Amino acid sequence: MSNCTVNQAALIDDFRSFLKVFSALGDENRQLIFLTLMAGGQEGMRVPDITARVHLSRPAVSRHLKIMKEAGLINCHREGTRNYYYVDANESCWHQLREFVDQIDDMAAQAAASGYPYFSRAEDNLPTD
């Protein structure tokens, strides 16, 4: 088995471990909520505050928060009966994601250096009349 094939298999396994993160960040509403939470400060934000900023219904915001929490992107703390949501600063999660992206970048650089993939010039692919 070639070194490239081994690297690809490892990347595939790593990708699978980040599926929830990619899925959670793949939705525009969740991206907006995530950015809102990032701007919200360390104390966190309540659902009504998030709802007012992103112009989504409370049930929709709650559903998106649940998905992001399950993906490990956000967390919440409770004060009495109030839940405050915030971006999880779990460094190991973000570090692992950065390492994954760096591995993809390294693999792409190695592939390009070895001439793969070869793409013909754009003008060679133009339809003829």
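Modeller: In H3, the residues Leu32, Ile33, Thr36 and Leu37 meet Ile50, Arg53 and Val54 of H4, where contact means heavy atoms within 4.5 Å. By class, this contact of H3 with H4 comprises five nonpolar residues, one polar and one charged; Ala, Val, Leu, Ile, Met, Phe, Trp, Tyr, Cys and Pro count as nonpolar, Asp, Glu, Lys and Arg as charged, and the others, Gly among them, as polar. The model is predicted, with local features requiring pLDDT of at least 70 and side-chain atom pairs pLDDT 80 or more, while totals for chains, interfaces and linings use all residues. Residues are numbered from 1 along each chain as its sequence is written, and side-chain values use heavy atoms, leaving out hydrogens and water.

The axes of H3 and H4 lie 10 Å apart, at an angle of about 115°. Axes are lines fitted to C-alpha atoms, for helices over the stretch in contact, and angles run from 0 to 180 degrees between N-to-C directions. H3 passes H4 in a right-handed crossing, a term used if the near helix is turned clockwise from the far one by less than a right angle, anticlockwise being left-handed.

H4 (residues 47–54) also packs against H5 (residues 58–70): their axes come within 9 Å and cross at roughly 105°. H4 is therefore roughly perpendicular to H5, a label covering 65 to 115 degrees. Here Val47, Pro48, Ile50, Thr51 and Val54 of H4 meet Arg58, Val61, Ser62 and Leu65 of H5. Six nonpolar, two polar and one charged residues form this contact of H4 with H5.

Ile50 takes part in the contact with H3 and in the contact with H5. Leaving aside residues up to four places away in sequence, Ile50 touches Ile33, Leu37, Met45, Val61, Leu65 and Tyr85. Ile33, Ile50 and Leu65 touch the most other members of the largest nonpolar core, which has 23 residues. Such a core is a set of buried Ala, Val, Leu, Ile, Met, Phe, Trp, Tyr and Cys residues joined through side-chain atoms within 4.5 Å, buried meaning under 20% relative accessible area with a 1.4 Å probe, protein chains only. H2 (19–25), H3 (28–39), H4, H5 and H6 (91–113) each supply at least two residues of this core, and H5 gives the largest share, four residues.

Of its 129 residues, 26% are buried.

Key. Angles under 35 degrees count as roughly parallel, over 145 as roughly antiparallel, 65 to 115 as roughly perpendicular and the rest as oblique. Buried means under 20% relative accessible area, exposed over 50%, partly exposed in between (1.4 Å probe, protein chains only).
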